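This report describes one protein chain for a reader who is new to structural analysis. Please keep the sequence and the model in view while reading.

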Amino acid sequence: MNSAKLSAFSAIKTSFNQKSSARRMITYSGLDTLFFQCKNLKLFNQILCQMICTGLVKDTYAASKVLKFSTDSPFIQVDYSHKIFTSIDNSNGFIWNTMLRAFVQGNRAHDSIFLYKSMLKNHFLCIDNYTYPILIQGCSLRLFEFEGKEVFDESPVPDLVSWNSMLAGYVLEGSVEEAKLFYSRMPKRSIIASNSMIVLLGRSGRLSEAHKLFDEMEEKDVVSWTALISCYEQNLMYGGGFRSVFDYAVGKLVHSLVVKTGFESYVNLQNALIHMYSRCGDVWSAQKLFKTSSFLDIISWNSMISAYMKCGLVENARELFDKMPEKDVVSWSSMISGYAQLDNFSEMLALFHEMQHQGVKPDETILVSVVSACAQLAALDQGKWLDAYIRKNGYTVNIILGTTLINLYMKCGSVESAMDVFNGMEEKGVSSWNALILGLAMNGQVERSLNMFEEMKKFGNVANEITFVAVLGACRHMGLVEKGRKYFDSMIKEYNIEPNIKHYGCLVDLLGRSGLLKEAEELIYTMPMAPDVATWGALLGACKKHGNKEIGERIGRKLIEYQPEHDGFHVLLSNIYASKGNWENVVEIRGIMTKQGVVKTPGCSIIEADGVVHEFLAGDRSHPQMKEIEGMLEEMVGRLKRLGYAPGTSEVLLDIDEEEKETNLFRHSEKLAIAFGLFATSAPAPIRIIKNLRICSDCHEAGKLVSEAFDREIVIRDRHRFHLFRNGSSSCNDYW
């Protein structure tokens with residue numbers, strides 16, 4: 001070995017302990033014993049140093065053994081093994097293949113290809129039948145299609161491993177036609193190859209082809225059955241109508257065949273069947289399979305929890321979760337994501353905190369769900385803690401997580417924090433820009449919102465349908481009719497985007513809020529799709545706002561006949577009558593609601609204090625601190641009246657006297673939440689409230705005056721937008 005090659009091991013030589021093992025001579029027979037006893041890098045370096053000093057490393061057989069041990073040992077890095085490889089004289093095929101395999105197993109397929117090309121360049125004659133399968137496997141795993149084909153074609157007689165590895169590459173890439181052609185060329189179609197094709201065909205929606213291939217297989221194993229069941233599960237997930245019903249029936253037939261052929265005891269197969277049943281809503285078949293199984297693993301438990309959650313059986317899922325002998329991060333994720341999908345945010349946050357106490361590190365899916373829950377509950381303090389936790393623990397703030405954080409801060413009225421997240425994202429997707437544009441508009445910063453839309457175009461991000469919902473929403477919040485029309489037209493002319501019902505709904509709302517009621521109604525009747533509930537609701541709301549009883553009554557009467565179960569239509573029509581003092585019609589509409597069993601959604605406001613979320617309903621007296629709230633309400637009334645406040649009793653749509661109306665007004669949920677916030681939170685922190693309905697004009701006026709009388713910022717997010725009350729004014733400029 002020349003001096004250049006020996007220099008690669010100078011550090012090893014220096015660290016060699018002369019006293020311990022330098023005096024012992026290493027022989028061929030002693031190598032295996034030494035390697036068997038070697039459990040760390042320090043001992044390995046001692047063995048290697050003695051081999052160098054004694055010259056044993058120059059022996060090809062001994063060098064191959066030391067390289068093989070280094071590539072197989074978890075405590076030796078592949079780059080270190082490569083240094084050993086480059087210092088070996090008289091390398092043979094086994095040594096080259098060992099190094100190639102080490103690169104492939106270490107997900108370093110690029111390096112394996114580079115090493116192979118250096119073999120060709122230097123005319124090494126040690127390429128053999130073991131070389132090509134290793135390279136093909138590396139290319140297929142890393143989707144290097146061109147190199148994989150090249151190596152495969154160069155292989156003199158590809159073996160079964162090469163054929164399977166090359167096919168696996170096409171499957172991973174999702175290249176159905178290429179995979180089918182390659183599969184047809186295979187001299188022997190193994191079970192592994194056929195199973196891979198069934199998986200690919202099922203994933204591509206070619207269920208009949210997958211089943212045909214399954215039927216043609218001469219020999220099947222448990223993976224074959226699992227692959228076929230997964231095909232039906234995926235088809236049920238994405239399909240619809242009769243086809244899904246038919247495929248579900250065939251899936252059940254497959255289950256019965258599994259039992260007849262004796263494969264029912266295989267846990268992987270049972271898990272696939274549980275998945276299939278849960279996807280199509282047959283949770284009881286999934287439960288029966290789970291309860292009667294003798295072989296269950298953690299995947300079985302997680303699958304059953306997901307099945308319960310998908311069917312809304314929260315208590316069953318939680319009971320099973322609590323009984324689990326062991327839990328992994330997927331178990332926690334299934335429960336937390338399930339709570340999120342069912343809008344059970346309080347339980348979800350409690351479970352997340354329990355997860356933290358047990359020392360389980362959340363994955364990205366859990367973090368996205370929990371951050372979204374904080375946004376829904378306006379739990380800003382908890383959201384900030386999560387943001388800090390994400391950064392402290394080194395999570396990558398990618399597009400999904402970053403967009404979720406932007407949405408959290410925007411929904412809590414913390415605009416600058418949202419901007420900080422956005423500006424700190426290395427990669428921004430269209431969804432990130434959309435969240436920013438919509439969030440700024442909701443927080444009353446319409447001009448800034450529209451400027452961000454222009455910035456988005458400059459950075460080369462192409463607007464999509466959601467972008468224009470955000471942009472039209474911004475125009476709607478400030479009554480920018482002409483700009484709204486311009487953006488609506490540009491969707492088709494500049495972006496080739498066909499407006500959908502949400503875009504038309506935004507335009508109807510924009511026109512209605514601006515008093516252009518006839519134009520808004522005409523747009524509803526002429527748009528190319530049937531109007532939805534939100535669109536009609538926008539026009540009815542505009543009729544109430546502008547006092548147009550004629551259009552409001554005509555549309556309202558039609559809608560309560562068309563959708564008698566919809567509470568919003570009844571309430572809006574009743575409110576239109578009440579605002580005109582037409583109490584007979586109010587009683588009539590309320591009677592229809594009672595007869596139809598339609599119940600008005602009660603006003604509900606949520607506020608966070610010291611990390612705890614408090615909920616208030618209109619007229620609520622159940623809060624444990626009600627005495628303090630009542631006292632603060634009296635203080636509010638006194639201070640507000642000194643500032644000239646006169647209760648807007650026209651908002652109380654009941655035929656009662658003025659004094660009772662005034663009392664009723666001060667039991668609105670947002671006023672209760674404001675009163676609580678005045679003594680439960682400390683300045684200068686804003687009082688942050690979420691309201692499930694649109695804020696009424698009296699509460700809006702009261703919010704402005706409270707901000708002045710108590711020198712507190714108040715942020716209320718109603719079902720449409722944010723209202724930031726500061727120094728007696730509102731960010732919406734009284735336009736909502």
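## The hairpins at one end of the sheet

Strands β5 and β6 pair in the antiparallel sense over 2 bridges; two strands count as paired if DSSP finds at least two bridges between them. Within this pair, phenylalanine 725 stands opposite serine 730 in β6. The hairpin of β5 and β6 has 2 residues between the strands, and asparagine 727 in this hairpin takes a positive phi near 55 degrees. Strands, like helices, are DSSP runs numbered from the N terminus: a helix is H or I over at least four residues, and a strand is E over at least two.

A hairpin of 4 residues joins β4 to β5. β4 and β5 (residues 722–726) are also antiparallel, with 4 bridges between them. Here valine 715 stands opposite leucine 724 in β5.

## Basis of the model

The structure is a predicted model, in which local features need pLDDT of at least 70 and side-chain atom pairs count only at pLDDT 80 or more, while totals for chains, interfaces and linings use all residues. Residues are numbered from 1 along each chain as its sequence is written, and side-chain values use heavy atoms, with hydrogens and water left out.

## The sheet and the chain

Strands of a sheet pair through backbone hydrogen bonds, either parallel or antiparallel. In this model, 6 strands form an open sheet with mixed pairing, in the order β2-β1-β3-β4-β5-β6. β2 (612–617) and β6 (729–730) each have a single partner strand and stand at the edges, so one side of each is left without a neighbour in the sheet. Strand β1 (residues 604–609) runs antiparallel to β2 and is joined to it by 6 bridges. Cysteine 604 stands opposite leucine 617 in β2.

The chain contains 41 helices and 6 strands. Of its 736 residues, 50% are buried; buried means under 20% relative accessible area, exposed means over 50%, and partly exposed lies in between (1.4 Å probe, protein chains only). Among contacts between residues at least 6 apart in sequence, 63% join residues at least 24 apart, where contact means heavy atoms within 4.5 Å.

## Backbone features in the loops

Most residues other than glycine have a negative phi, and most peptide bonds are trans. Aspartate 343 has a positive phi, near 60 degrees. This residue is in the loop between α22 (329–341) and α23 (345–357), and aspartate 343 is exposed, with a relative accessible area of 54%. Aspartate 711 has a positive phi near 50 degrees and is found in the loop between α41 (697–709) and β4 (714–717). With 59% relative accessibility, aspartate 711 counts as exposed.

A cis peptide bond joins alanine 683 and proline 684, with omega of about 10 degrees. Proline 684 is found in the loop between α40 (669–680) and β3 (687–691).

## Cysteines and a buried serine

A disulfide is a covalent bond between the sulfur atoms of two cysteines. With the cut-off that a pair of cysteine sulfur atoms lies within 2.5 Å, a search of the whole structure finds 0 disulfides. For cysteine 49, the nearest cysteine sulfur is that of cysteine 53, 6.3 Å away. Cysteine 49 is buried at 1% relative accessibility, and cysteine 38 is buried at 5%.

Is serine 449 buried or exposed? Serine 449, which lies in helix α29 (residues 446–458), is buried, with a relative accessible area of 0%. Leaving aside its neighbours within four places in sequence, serine 449 is in contact with Ile437, Leu440, Ala441 and Ala474.

## The second largest pocket

The second largest pocket has a volume of about 430 Å³. On a 1 Å grid over the protein atoms alone, a pocket is an open set of points where a 1.4 Å probe fits, with protein on both sides within 12 Å along at least five of seven lines; lining residues have an atom within 4 Å of a point. Grid points are joined across faces, edges and corners, and the volume is the space filled by probe spheres set on the points.

The lining of this pocket consists of 17 residues, of which Tyr183, Arg189, Ser194, Leu213 and Glu216 lie nearest its centre. At least two lining residues come from each of α13 (176–185), α14 (191–203) and α15 (207–216). By class, the lining has 6 nonpolar, 3 polar and 8 charged residues. In this scheme Ala, Val, Leu, Ile, Met, Phe, Trp, Tyr, Cys and Pro count as nonpolar, Asp, Glu, Lys and Arg as charged, and the others, Gly among them, as polar.
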